Each structure stands twice: as C-alpha cells, then as structure tokens.
Amino acid sequence: QVQLDESGGGLVQPGGSLRLSCLTSGRDLRAHSMGWFRQTPGTELEFVASITWAGTTTYYGDSVKGRFTISRDVAANTVVLEMSSLKPEDTAVYYCAADRRHAIQFSTTGREGIASWGRGTQVTVSS
C-alpha cells in the first residue's frame, strides 16, 4: 500500500500559478505510476495528469494541456504538479493518486480502479 500526502493548495487569482506536491511513502514506490485528479461538488472525477514510475513520460487532460506540468523526484519520493495560467474553472479539490498500471491508463480509469489516493487539497481560483 502506498500512502500519499498532498500539499500546496490555496487561493490564487486568475492567471496566477500554484504548485502542488505529493509526498509518497510505502512499499514498491518505484513500481507505481503517479497522477493527479480533481473534482468539484456534484461533478465526476476529472483526470488532470499522470507520469510513469521513472518520470520519463507524462500525460495530460485536454483542459490543462500547455498550462500544467507534472514531474517526479524519484529520490525524494515526491510528485509535483506545477499549475500556471490558472482559470476559475480550475477550482477543485486536487487528489494525488498512485497505481501499478501504466500512467497512460490513468485517463480512462475511475476512482475505483486506482489503488491509492491522497486526502486531497483545495485549489480556488478567484479574484
């Protein structure tokens, strides 16, 4: 089992930037792909980004392409989501996720298919 602890959420103005971090712990961390999802009340979970265990390949949801960047520090057991050009519609609770499946599968996998989740961190984009 992998434990995930998100940090870095908060309030930011439209057009601003924010950096989310996910500290991972547990067994076989290097066998897990990592990802970020987000959700607002009354809506379905939305795939944001994912990254392979080695950090060499990344995938993004259409709504964040070109604005968000996911990266992974394997030695530090940390996954980072750099968010820029933020919009009000980016407001959501952001969840870190880990699973042994390939990162490319995260975009088509729902909550039940992902093995490990963090508790989430709130991001609010508002003026």
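Phenylalanine 106 is buried, with 0% relative accessible area; buried here stands for under 20% relative accessible area, exposed for over 50%, and partly exposed for the range in between, with a 1.4 Å probe and protein chains only. The model is predicted, so local features need pLDDT of at least 70 and side-chain atom pairs count only at pLDDT 80 or more, while totals for chains, interfaces and linings use all residues. Residues are numbered from 1 along each chain as its sequence is written, and side-chain values use heavy atoms, with hydrogens and water left out.

Phenylalanine 106 has a ring partner, phenylalanine 37, which is also counted as buried, at 2% relative accessibility. A pair of aromatic rings is described by the distance of the centres and the angle of the planes. For phenylalanine 37 and phenylalanine 106 these are 6.3 Å centre to centre and 25° between the planes, a stacked arrangement. Rings of Phe, Tyr and Trp (its six-membered ring) pair if their centres lie within 6.5 Å; planes under 30 degrees apart count as stacked, over 60 as edge-to-face and the rest as tilted. Phenylalanine 37 belongs to strand E4 (residues 33-39) and phenylalanine 106 to the loop between strand E9 (92-99) and strand E10 (116-117), so the pair ties together parts 69 residues apart in sequence. Strands (E, at least two residues) and helices (H or I, at least four) are DSSP runs, numbered from the N terminus.

The structure holds 4 aromatic pairs. Ring pairs join Phe37, Phe47, Tyr95, Phe106 and Trp117 into a cluster. Two of these rings also have a charge over them. The charged end of arginine 111 sits over the ring of tyrosine 95, 5.0 Å from its centre, and also over the ring of tryptophan 117, at 4.7 Å from that centre. The structure holds 1 disulfide. Cysteine 22 counts as buried, at 0% relative accessibility, and cysteine 96 is buried with a relative accessible area of 0%.

An open sheet of 4 strands runs in the order E1-E3-E8-E7, with antiparallel pairing; two strands pair if DSSP finds at least two bridges between them. Strand E1 (2-7) and strand E7 (68-73) are the edge strands, each pairing on one side only. E7 and strand E8 (residues 78-83) are paired in the antiparallel sense over 6 bridges, and phenylalanine 68 stands opposite methionine 83 in E8. Valine 79 is in strand E8 as well, and is buried at 1% relative accessible area. Its C-alpha atom is separated by 12 Å from that of histidine 32, 47 residues apart along the chain.

Serine 50 is found in strand E5 (residues 46-51). This serine is buried, with a relative accessible area of 0%. A polar atom of the serine 50 side chain lies 2.8 Å from the backbone oxygen of alanine 103.

Methods
Lys NZ or Arg CZ within 6 Å of the ring centre and 35° of its normal. Disulfide = S-S within 2.5 Å. Polar contact = N/O pair within 3.5 Å; in protein donor to acceptor, adjacent residues only side chain to side chain.
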